[in-house]
Amino acid sequence: MKKILVLSLLAVFGVYLLEVLFKIDFGHQFFLHGVKDFYLTTSPDKMGVANVVTAIVVNFRGFDTLGEVTVLFLATTAMSSILYKGRHQLGERAVLFSSSRIVMTGSKLLFPAIILLGAYVFIHGHLTPGGGFQGGVIIATGFLLMLLSYEDYKVSHVALSLVESLAGITFASVGLLGFLNGGTFLQNFLPTGGLNNLISGGVIPIIYIAVGFKVGAELTGLIYTALNEKD
Amino acid sequence: MIIYIILLLFLLLLMIGTAIYSIVQRDLLYAVIGTGVISLILSILFLFLQAPDVALTEAAIGVALTTIVFIITIRNTVRFEEEPKRPSKPASK
């Protein structure tokens, strides 16, 4: 009986999925009018931001982004406080697989390239796809590679928390500086510059660089704490 | 147009197949790698659907970070899933 119920539910779900897939043409503009026109015209013309997603995430919905960063910070803090058994007393590194010399050399060669890619992604967040969150996660992936290949690779917790706090303070103070021009929180107060230039978009590159550093430091600290968990 | 739909359906079927493999696999390490492959295919799908931002996020978080969190969990618990219908044994390290 239970299996029949599950199967019929799945069948209904599949029928609707196929219907949606076949009814709407690929790339069809389903919503013809609405708020998207405002975003699509305002962000390149008035704000000088080529990537509309970034314009929405950082400028139109900047307060939400600040909330997301806070949520990530709280989650990292909670996990670290659970995993820490004592202050600066970490257990043995989790050796998942002992790495060979080829893996170690390859990781050493790949590590700067991964960090460079992450920095590129968050510095060019207003020009190309990507942004602070993606770039930060890519940087954390690079540190994860080094932590997995080298058993004695150490990351300074003090430096990580310093970078994280400074980035958070930068984000919030850039938001507060929006008040100086008589505007609102996180309002743009810098000249927007030309479209498709690296220095354009006002405060958006500053905020995304801060978010990139913050996310990268948080996730690196999280991985380091989880790998060094004391049994 | 039709070639995109065929490719899309092929990737979707591949994703479903990988998901079924992850569920039936008793070696949990292989199952975790299967979930990583699901995220990889999903990021390709996002790229096809013209959402490169989401594709980047999915590739970085789904493939790398989620997988490593599950692998750390496997290290701290057990690697092989027990057979069903047997009395559960205490987890041995």
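This note covers the interface between chain A and chain B and the confidence of the predicted model.

1. Conventions. Residues are numbered from 1 along each chain as its sequence is written, and chains are lettered from A in the order in which they are written. In this predicted model local features need pLDDT of at least 70 and side-chain atom pairs count only at pLDDT 80 or more, while totals for chains, interfaces and linings use all residues; side-chain values use heavy atoms, with hydrogens and water left out.

2. Confidence. The predictor assigns the complex an ipTM of 0.78 and a pTM of 0.81. Chain B has a mean pLDDT of 86, with 89% of its residues at 70 or more (pLDDT is the predictor's confidence in each residue, from 0 to 100).

3. Extent of the interface. Contact (heavy atoms within 4.5 Å) joins 23 residues of chain A to 23 residues of chain B. The two chains bury about 2000 Å² between them, 78% of it on carbon and sulfur atoms; buried area is the accessible area (1.4 Å probe) that two parts lose on being put together, summed over both.

4. Chain A side. Helices α1 (2–23), α6 (132–149) and α8 (204–227) of chain A each supply at least two residues of the side that touches chain B. Of these, α6(A) gives the most, with six residues.

Terms used
Helices (H or I, at least four residues) and strands (E, at least two) are DSSP runs, numbered from the N terminus.
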